[in-house]
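Try each task yourself before you read its solution.

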Amino acid sequence: RHEKREVELTLPYSQVLKFVLLRKQGTASFPSDKEVREAFPSRQIYRMPSSYRSFLFERMENENSPEANDTIVEKMTSGDFTIEHIMPQTLTPQWKQELGDDWENIYNSYLHTFANLTLTGFNVSYSNHSFQEKKEGYIDRKGKKIDGFDNSAFRLSNYLKHCSKWTLDEILERQKILLDNFLQLWPMVTSEYVPLEKEYELVSFDDDEYELTGRTILGFRYREERHPVTTWKDMLVQVCKLMYDENPSTMTYVATKDYWMHETGTKERTKIAENCYIYSSCSTYTKKSILTYMFKELGIPSSVLEFELAPIVEKVTDTEDE
């Protein structure tokens with residue numbers, strides 16, 4: 001139920017949660033299938049936190065199998081299972097020859113991507129052995145038989161069992177297989193929820209999930225008191241005037257630093273008070289940076305500021321071009 005609007009909610013909460021996920025912006029935005037397809041081929045796995053890597057490899061290995069191995073994350077954490085580079089991190093002359101004339105570009109583009117990585121539990125390092133040795137196994141210097149991908153129980157190595165070489169063609173083919181599986185494991189979220197029409201959306205200054213550029217501001221709340229404005233410039237100037245009213249001596253001192261706040265006026269600056277001018281001819285992003293600076297200088301918690309934004313039209317389905 002929408003308590004404040006006294007309207008019954010007819011859809012389950014899960015639909016509302018999906019809607020919330022889909023409306024997130026910036027670094028918290030929920031990627032579309034198109035964005036996943038574009039990012040997957042070049043995503044550098046070792047730039048992810050280790051917990052994310054373990055989760056992704058666990059899901060891509062187990063998929064939705066009823067015989068899933070529920071120890072993968074635990075054993076990756078302990079080191080019993082490790083990530084193996086098919087094309088090794090150090091290329092031998094043989095590897096360069098097998099990769100072809102464009103070996104350097106292939107190496108730089110795909111070394112740490114999903115297409116070139118699999119799991120192994122053999123507790124050995126294949127190092128820069130040839131693909132044939134990694135696939136079929138080999139005898140190490142101590143005379144011990146080392147198992148290869150052909151002996152692996154991991155599904156992620158199944159494609160490798162059918163390869164006789166490891167070149168760009170095989171990398172791209174496995175990339176396509178893994179990407180298709182990835183999209184099936186994490187299908188694009190959709191929601192049937194349609195929000196009630198509202199006058200504004202209330203956003204905290206501290207909420208980095210919201211992209212303010214391009215949004216229309218209708219007002220702001222400073223220490224829970226509402227102030228209507230029509231532009232981001234109006235907001236900046238009014239907030240600075242409220243800060244000045246609270247602590248004029250500190251504001252005057254900040255102006256002497258000649259950084260965002262100044263003692264003299266120009267056409268790019270707006271007067272706050274005598275000998276206090278704020279730089280206001282700038283982007284919305286810069287205005288937020290200016291306020292961050294001012295809050296810090298005056299020792300005011302930035303949580304005292306909230307923005308009232310005009311609602312935007314929400315797109316809750318994936319509308320990519322096929």
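**Exercise 1.** How many bridges join β9 to strand β10, and do the two run parallel or antiparallel?

*Solution.* Keep in mind that this is a predicted model. Start with β10, residues 276-279: four bridges tie this strand to β9, and the two run antiparallel. For a landmark, look for Ala-273, which sits opposite Cys-276 in β10. Now zoom out: the open sheet has three strands, ordered β8-β10-β9, with antiparallel pairing. That leaves β8 (261-262) and β9 (269-273) as the edge strands, each pairing on one side only.

**Exercise 2.** Work out how α9 sits against α10, and which residues meet.

*Solution.* First, find helix α9 (residues 232-246) and helix α10 (residues 248-256); their axes come within 5 Å and cross at roughly 120°. Angles of 65 to 115 degrees would count as roughly perpendicular, so α9 is oblique to α10. Next, list the partners: Cys-240, Met-243, Tyr-244, Asp-245 and Glu-246 of α9 meet Pro-248, Met-251 and Thr-252 of α10. Sorted by class, this contact has five nonpolar, one polar and two charged residues.

**Exercise 3.** Describe the packing of α3 against α8.

*Solution.* Helix α3 (residues 50-62) packs on helix α8 (residues 168-185) at about 100°, with the axes 10 Å apart. That angle makes α3 roughly perpendicular to α8. Leu-56, Arg-59 and Met-60 of α3 make the contact with Leu-178, Phe-182 and Leu-185 of α8. The tally here is five nonpolar, no polar and one charged.

Conventions. Residues are numbered from 1 along each chain as its sequence is written. This is a predicted model: local features need pLDDT of at least 70, side-chain atom pairs count only at pLDDT 80 or more; totals for chains, interfaces and linings use all residues. Side-chain values use heavy atoms; hydrogens and water are left out. Axes are lines fitted to C-alpha atoms, for helices over the stretch in contact, and angles run from 0 to 180 degrees between N-to-C directions. Angles under 35 degrees count as roughly parallel, over 145 as roughly antiparallel, 65 to 115 as roughly perpendicular and the rest as oblique. Contact means heavy atoms within 4.5 Å. Ala, Val, Leu, Ile, Met, Phe, Trp, Tyr, Cys and Pro count as nonpolar, Asp, Glu, Lys and Arg as charged, and the others, Gly among them, as polar. Two strands pair if DSSP finds at least two bridges between them.
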